[in-house]
Every structure is written in C-alpha cells, then in structure tokens.
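Reader: Please take a close look at one part of this model and go on from there to the helices and their packing. Give the cut-off for each term where it comes up.

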Amino acid sequence: MKREENVIRVSVRSLVEFILRSGDIDNRRSVGREKEAMQAGSRLHRRVQRQMGAAYRAEVALKCRIPIEDVILQIEGRADGLIEEEGRLTVDEIKGVFFDINRLDEPFPVHKAQAMCYAHMAGHERGLSVVTVQMTYGNLETGQLRRFSEDWDMDKLNEWFDWLTCEYGKWALWQYRHRMERDDSMRGLEFPYPYRPGQRDLAVSVYRTICRGKTLFIQAPTGIGKTMSAVFPSVKAMGEGYADKLFYLTAKTVTRTVAEEAFEILRQRGLSFMSVTVTAKDKLCILEKPDCNPLSCPYAAGHYDRVNAAVFSLLQEGGMLERGRILQASEENHVCPFELCLDLTLWADGIVCDYNYVFDPNIYLKRFFGEGISGDYLFLVDEAHNLVERAREMYSAVLYKEDFLEVRRLVKGHSKKLERKLSRCNQALLELKRECETWKVLNSADAFILTLQALFGEMQEFAENSTALDGNETYRDFYFAVRHFLNMAERADENYRIYTELQADGRFMLKELCVNPSACLKECLDKGNSTVFYSATLLPMPYYRELLSGDPEDYAIYASSPFDPARRLIAAARDVSSRYRRRGRQEYEKIYDYIEAMACARAGNYLVFFPSYAFMDSVCQIARERGALVASTGEEQEGAGRETEEELPEDKGQEPFAIPRASLKLRILKQSSHMTELAREEFLDAFTACACPSGSLVGFCVMGGIFSEGIDLTGERLIGAAIIGTGLPQICTEREILKEYYEKAGKSGFDFAYRYPGMNKVLQAAGRVIRTAKDEGVILLLDERFLQTDQAALFPREWADCLRTDRQDIRTLLTNFWQSVPNKPERPPQDG
C-alpha cells in the first residue's frame with residue numbers, strides 16, 4: 001500500500017519521548033529503573049481490561065491530523081482503554097511494573113503525556129469540553145493496582161497538545177522536504193552497472209515482492225551482485241511510496257561495509273538518500289570502557305538537553321552518517337556518540353545494522369519496534385543463513401544456580417528480604433538439580449518462574465531504596481539475566497523447550513531454549529511492509545523458510561551463478577573420511593596427501609578447513625614430517641622434524657598410497673584459537689598474489705570459524721580450498737533436543753539438527769574460492785560422505801559437475817584442470 005506523500009506519521013509514544021526528554025544519561029541506577037515491564041505487561045493489560053465493565057472499550061486505535069504549512073502531521077497510537085458513561089469520557093493508560101506501586105506519588109511524566117495525547121484525540125473527536133485522564137499502574141508480581149485520575153479541560157488540553165506538535169513541527173517539515181527530494185531523485189535512477197546474467201531478474205523479483213508487501217527468499221551465488229540487486233529495487237520502491245525506511249541487516253562488519261558502498265554508489269549517481277550505520281557502543285564510546293553516567297563520562301551530563309540540536313545539524317548535511325562523522329558531531333556538541341547514532345536512525349532513509357537492533361528483545365530499537373509501534377519498513381536480511389542460530393540465541397534464556405548464591409553473598413547485610421528470595425530460588429533450583437542426572441527436559445518450570453518473579457520484584461524494590469550495589473557489574477548482569485528469563489517465559493510456547501543440565505564445570509543450568517525462532521522473528525518483521533532474505537548458502541530453502549518465517553508460501557528464487565564452470569574444479573574424495581572412528585595417523589596421512597597434491601599442482605595460495613583444532617594439529621604434524629614450514633600468525637616458522645609434546649596414535653592396517661613428493665615448498669599458516677583482530681588481519685594479509693614465491697602458501701583454518709565466511713581473497717590471493725568433513729555439529733544436549741523436536745513434528749530430526757547446519761558451513765568455506773568472474777580455482781571435498789545421496793542432494797546447482805576422485809588420480813585431475821583453464825575475461829568490477 002502506497003503512503004500519502006505529504007503525510008508524516010509519528011506514534012504517540014515516539015512523539016512524547018522525543019520532545020519531553022531532558023537531563024543526563026545515568027546508568028548508576030539503571031537496574032530497577034525500567035518503570036514499565038516488557039513482555040509481562042501484556043498479561044496485566046488483558047487482565048485489567050477484562051475486569052472492567054461493559055462501558056470499557058479496550059485497545060482503541062486513535063489518530064489525528066495536524067496541518068503544519070504544507071505538511072500533514074499524523075499522530076497515531078492505541079489507547080489501552082476508553083470508558084464512556086453518562087456523557088463522560090475517561091482515557092485509561094495501563095502500565096505494568098515490578099516495584100511497589102504504593103511508593104508512587106504521581107504518574108511518570110512520559111506515561112501521563114501519552115494518556116493526555118489520547119485524551120486530546122478522543123475528546124476532540126467527540127466534541128467534549130472535559131476529559132478524564134486515568135493512569136493505571138499494576139504490580140506484575142502481586143496484581144495490585146493503583147490509579148491516578150485527573151480531569152482536563154479541553155481548552156487546556158488543546159493548548160498543551162498544540163505546544164507539543166509545534167515543538168515537533170520543524171522535524172516534520174524537514175522530514176517532508178527531504179522525502180520529496182529523495183523521491184524525486186529516485187525516479188530517474190538507473191541500475192549503476194550493466195546487468196550480469198540473471199541479475200535483472202533478481203532485481204525485478206525484489207521489486208515485485210516489495211510492491212506486494214510479501215516476503216522473498218533468495219539463494220544467490222557469490223558474484224551475481226546480490227547486494228545491489230536488493231538495494232536498487234528497494235530504493236526504487238521507496239521512491240514510489242511502497243516504504244519509507246530501509247533496514248539493511250547483517251551479521252558481520254564486512255557485509256555492513258558492502259551495504260554502505262552500495263548506497264554511496266547510488267548517491268554518486270544522483271540519489272538523495274541519508275543512511276546511518278549503527279556501530280556497537282564499545283566501538284563508539286570515548287571511554288576505554290563504557291560507563292554512562294555524569295561522573296565517568298563528560299558527555300553524559302546534560303546529554304538530552306543538547307542532543308536534538310546535534311541531530312538536527314547532521315540532518316542538514318545528509319549523506320552517509322558513518323562512525324567518523326558521528327564521533328566528530330559528538331565531540332562538537334558534547335553528546336554521547338552512541339545515543340546520537342541511535343537518534344539519527346529516526347530520520348535516516350536507510351539503517352545499516354546488526355540483526356540485534358531489529359530482533360533482539362533486549363537490544364532492539366524500541367523507537368521502531370516497541371509495543372504498538374510499526375511503520376513502512378523494508379527489511380533486507382543479508383547472509384540470512386546466520387540468522388537461525390543468532391535468533392535462537394536471542395530468544396533463549398539461561399540461569400545458573402551458582403549465580404544465585406554469588407548474588408546472595410553480595411546483598412548480605414543490605415537486604416534480608418532479598419536474601420530470603422534468592423535463597424528460595426536457589427532451593428527451587430536445588431530440587432531440580434536432584435532430579436537431573438545429566439540433562440532433563442521439563443514439562444514446565446511454572447513453579448520456579450513464580451518464585452523468580454517474586455525475586456525480581458524484590459530486586460526492583462531494592463534498587464528503589466538502596467544504592468549499595470549501584471554500578472556492581474555482577475549484580476547488574478544477574479539482574480538482566482533474571483529479567484530476560486522472565487521475558488522469555490512470557491514467550492514460551494510450543495516452539496520452546498525448557499531443560500536442566502549439569503555442566504562439565506560442575507555448574508547447574510536451567511535454560512529456556514527457543515527451538516524454532518520463526519514466530520519471534522515474524523513478530524518483528526510484521527511491523528514492516530516487506531522482507532527479503534538472501535544468502536549464497538540459503539539451502540535447503542524449505543529449512544530456512546520454516547525457521548525464519550514459518551510460511552511455506554513465501555516467495556523463493558534460485559539465482560544461477562554467472563561464472564564459467566570451466567574456471568572451477570570441484571571434486572569429492574571417495575577414500576577418506578573425518579568420522580571419529582576413522583581418525584588416526586593413517587587417515588591424517590591420506591588427507592595430507594590430498595592437501596599436498598592440491599598445493600603442488602600449481603603454486604599459489606590455498607585454504608584448508610578442518611572440523612576441529614585437534615584434527616588440524618594432527619595433520620600439521622604430518623606436514624612437518626614431510627618438510628612443510630608451519631607457523632601460526634605472529635609465530636616463527638616451525639621446520640620439518642620438530643617434535644611435538646605428544647605422538648600421534650598410529651592405526652594398524654594397510655600402508656596408505658603415497659603421492660609422489662613434489663619439489664614445491666609448502667608454507668603452512670595456522671589459524672589459532674582466540675585470535676585478536678590484529679592477528680586476523682595479519683593472517684589474511686599473508687595471502688598476497690605471490691605469498692610464497694618458491695612454492696605454495698596453505699592456510700589451515702577451522703570450518704565455521706572466522707575465516708570460513710565474510711572474507712574476499714580474490715584473484716591470485718586464493719586459488720583453492722579443501723574442506724575436510726561434512727561440518728556436522730558436535731553431538732550435544734541442545735542438538736539432541738532439536739533433533740527430538742523436529743522428529744515429533746514429522747520431519748527429519750537429524751537433518752534439521754545436524755546435516756543442514758553442517759552443510760551450510762561446507763558451502764560457506766567452499767565459497768571462499770570463486771569470488772569474481774576473473775577467479776579460478778579448485779574445491780576438494782575430503783570426505784566420502786559427500787558422495788552419499790542424502791549429502792549430495794544438498795549440493796547447490798553449480799556443483800552438478802562435481803567429480804569423484806581418489807588419491808591415485810587426484811594429481812592427474814588437478815594437472816588437467818590447470819592446463820585447461822580458459823583465459824581470464826575482462827569484466828567491469830561490481831559489488832558482491
């Protein structure tokens with residue numbers, strides 16, 4: 001549905017919070033200061049609304065339109081309740097809280113302002129002279145209610161409302177004029193490159209999906225230009241009124257950079273489009289460690305008194321509002337750069353950010369996705385295969401019994417009541433622990449959750465009355481863990497499993513596991529108009545549709561690769577395996593035979609992806625024995641013959657077939673665990689066009705790790721990769737719970753829990769080789785299981801030419817390939 005051009009929409013909540021804010025940022029009393037509960041509040045609303053009489057109308061949508069020069073400001077929201085009796089109107093605003101409501105002397109100003117807005121709208125609509133504004137506060141633990149009522153003369157209410165909208169007027173006018181300029185620039189905008197094969201069809205599919213307000217899944221191989229194929233039609237659709245704000249969601253910094261570049265390319269071709277990249281707080285903060293209060297940060301004092309001026313100044317500049325510009329404006333205006341960045345999102349056309357800022361219930365941008373707030377949003381979800389596990393993590397919650405004891409020690413001497421409630425929770429967990437031998441799925445944790453609610457209410461009360469633990473990180477982290485657990489308990493349904501487990505370190509855990517996050521994700525995405533999920537590894541498509549949207553009828557397309565298959569060799573080995581029962585020196589030697597053959601067939605740079613660090617170290621010992629130079633980033637090279645602390649176990653059996661040793665020198669660079677950002681950069685920087693002039697450089701990496709995706713080693717920087725194993729996750733409690741869940745749902749539990757996630761890691765690792773039309777290279781799949789029907793069925797279409805091989809013919813296969821590679825074509829560069 002197209003929007004009206006001269007109408008600027010704003011929610012009641014956003015309006016009052018934006019105009020009425022003032023004072024400092026202060027995290028010292030953050031714990032317990034969330035005056036309005038999150039998920040738990042909805043139950044209170046329903047209970048209060050049901051208790052009221054027939055005259056009570058619940059969840060009443062209200063809006064009004066205010067002319068401001070050539071703009072119509074549309075203010076809209078949903079009143080919790082309207083009571084109409086005997087010609088009188090009462091507007092009821094309900095807020096659920098955990099603290100003692102008897103300590104409340106008056107409503108919070110922002111809450112009251114929301115109710116006053118609804119009172120103005122409803123009273124004006126009915127032509128009344130007096131309206132009653134009622135604030136209903138309810139304690140979520142006890143159910144106790146407290147109401148504040150005040151009669152408002154409509155003339156006074158109109159005067160206040162006129163002031164409020166007048167204050168917002170310059171912002172609405174800026175938004176309208178910028179939108180007109182933006183939309184005008186979009187009409188004549190053309191795709192910035194010659195279309196690659198299949199790219200135009202991809203862009204058309206995105207455009208049609210947005211116009212219809214639907215969801216689209218795109219499997220798009222690397223190189224087709226999927227970023228621009230999604231961004232360009234989205235921008236065009238915005239210009240035609242199908243949306244007003246674009247969220248470009250990513251999981252990694254590198255893809256955020258690609259999105260920024262795409263917007264900048266279009267700006268260079270005439271697009272007027274303001275975009276902001278949301279950077280994590282710790283990367284924007286002027287302090288070594290964020291500590292948001294006036295005593296620690298010079299920008300926290302009076303931040304809200306100055307920030308609107310800083311925002312408005314940046315709006316006049318427009319363009320790409322990235323980290324550097326935000327830091328500069330922060331310094332000039334003495335405001336928090338992170339909060340400034342978040343405020344800029346309100347006015348930006350495009351927002352580039354991590355998944356967290358849309359989906360995570362603790363981090364999401366409440367100005368766009370809070371309760372009752374929606375908008376004309378577009379969601380472009382890049383590298384969408386990452387969202388499944390990220391979403392499970394966001395919507396799951398965990399508590400540890402030992403943390404209750406630690407916090408009880410902290411509060412000792414400060415609050416007897418809080419100590420007792422911590423002890424009750426600990427006792428409840430102790431009873432669950434006695435029933436758990438290793439791990440156990442629970443039918444319900446309702447009894448514990450009631451005890452936990454009582455604890456949380458007391459923590460709220462403690463925060464109101466005491467400053468003893470202000471700033472204590474252990475207490476604060478525990479508070480947020482409890483709050484998140486209670487909020488997820490509100491969500492828990494058939495898509496959740498609650499289980500207990502004794503950890504290897506002796507700790508006892510209670511976890512709410514979100515098995516299928518699609519309903520939670522859909523709740524967020526339904527606040528916008530249209531969503532496009534895309535990735536180079538969104539296979540199998542039904543798996544991702546089930547877990548990301550839950551709707552099998554969502555659109556889906558498979559874009560063909562634009563690359564010449566003659567420039568890439570892919571082969572699966574039929575005589576090696578990474579199965580646990582096969583692991584040993586004999587198998588490690590076979591695998592190194594393949595690595596050596598690959599690296600010696602042509603001098604260049606290669607990557608090898610292992611199932612674990614232990615497996616990698618075992619093969620490294622074979623490499624040393626055969627004369628390879630082995631080093632980790634920042635370490636000296638280890639020469640051949642150097643002894644290790646442990647000898648590898650030898651398998652009894654037939655001697656492996658030995659590939660003839662080549663004269664090329666092999667230099668091996670190992671990924672190490674816990675690499676710093678500098679070490680990662682050094683590792684990648686080693687892959688130059690001639691990294692090892694007298695031989696080959698081989699990077700040893702762990703599959704699914706930091707070098708498995710999101711890196712671009714184009715041209716001669718990488719000409720081959722070997723993937724060892726099918727990427728199956730290790731057997732663990734959560735994987736077994738997932739397996740059982742999907743088996744009960746009539747699906748293949750093994751596939752959903754193990755095979756599909758594993759194959760995605762394989763596809764990501766293999767995708768490092770061919771990044772552009774000029775690239776050429778080999779991909780070796782070193783596990784006989786890749787030749788099994790169930791595994792091969794998951795291959796992308798581009799792997800239809802996958803060959804079978806073994807150690808006897810691999811050298812000939814590689815030699816023939818490198819001799820047959822066609823000349824490199826010339827093609828203008830384009831985004832990934």
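Author: Ser330 has a relative accessibility of 1% and therefore counts as buried; buried means under 20% relative accessible area, exposed over 50%, and partly exposed in between, with a 1.4 Å probe and protein chains only. The model is predicted, so local features need pLDDT of at least 70 and side-chain atom pairs count only at pLDDT 80 or more, while totals for chains, interfaces and linings use all residues. Residues are numbered from 1 along each chain as its sequence is written, and side-chain values use heavy atoms, with hydrogens and water left out.

Ser330 belongs to helix H10, residues 323–333. Helices (H or I, at least four residues) and strands (E, at least two) are DSSP runs numbered from the N terminus. Not counting residues up to four places away in sequence, Ser330 touches Tyr299, Val335, Cys336, Pro337 and Leu340; contact means heavy atoms within 4.5 Å.

Gly457, in helix H17 (residues 446–465), is another buried position, because its relative accessibility is 5%. Leaving aside neighbours within four places in sequence, Gly457 is in contact with Phe98 and Glu141. Between Gly457 and Ile591 there are 134 residues in sequence and 59 Å in space, C-alpha to C-alpha.

Next, helix H7. The expected span is 1.5 Å times one less than the number of residues in the helix. The buried residues of H7 are Thr255, Arg256, Ala259, Glu260, Ala262, Phe263, Ile265, Leu266 and Arg267. These buried residues pack against helix H6 (226–239) and against strands S8 (245–250), S9 (275–277), S10 (320–321) and S11 (350–354). After H7 comes Gly270, with a positive phi near 110°.

H6 itself has 14 residues and reaches 20 Å from its first C-alpha to its last, close to the 20 Å expected at 1.5 Å a residue. H6 is mostly covered, with 14 of its 14 residues buried. Gly241 follows H6 and has a positive phi, near 90°.

H6 also packs with helix H4 (residues 154–187), at an angle of about 125° and with the axes 8 Å apart. Axes are lines fitted to C-alpha atoms, for helices over the stretch in contact, and angles run from 0 to 180 degrees between N-to-C directions. H4 and H6 are therefore oblique to each other: angles under 35 degrees count as roughly parallel, over 145 as roughly antiparallel, 65 to 115 as roughly perpendicular, and the rest as oblique. The crossing of H4 and H6 is left-handed, meaning that the near helix is turned anticlockwise from the far one by less than a right angle; clockwise would be right-handed. Arg182, Asp183, Met186 and Arg187 of H4 meet Val235, Lys236, Met238 and Gly239 of H6. The residues of this contact of H4 with H6 divide into 3 nonpolar, 1 polar and 4 charged. Ala, Val, Leu, Ile, Met, Phe, Trp, Tyr, Cys and Pro count as nonpolar, Asp, Glu, Lys and Arg as charged, and the others, Gly among them, as polar.

Tyr594, Ala597, Met598 and Ala601 of H21 make the contact with Ile810, Arg811, Leu814 and Trp818 of H27. By class, the contact of H21 with H27 has 7 nonpolar, no polar and 1 charged residues.
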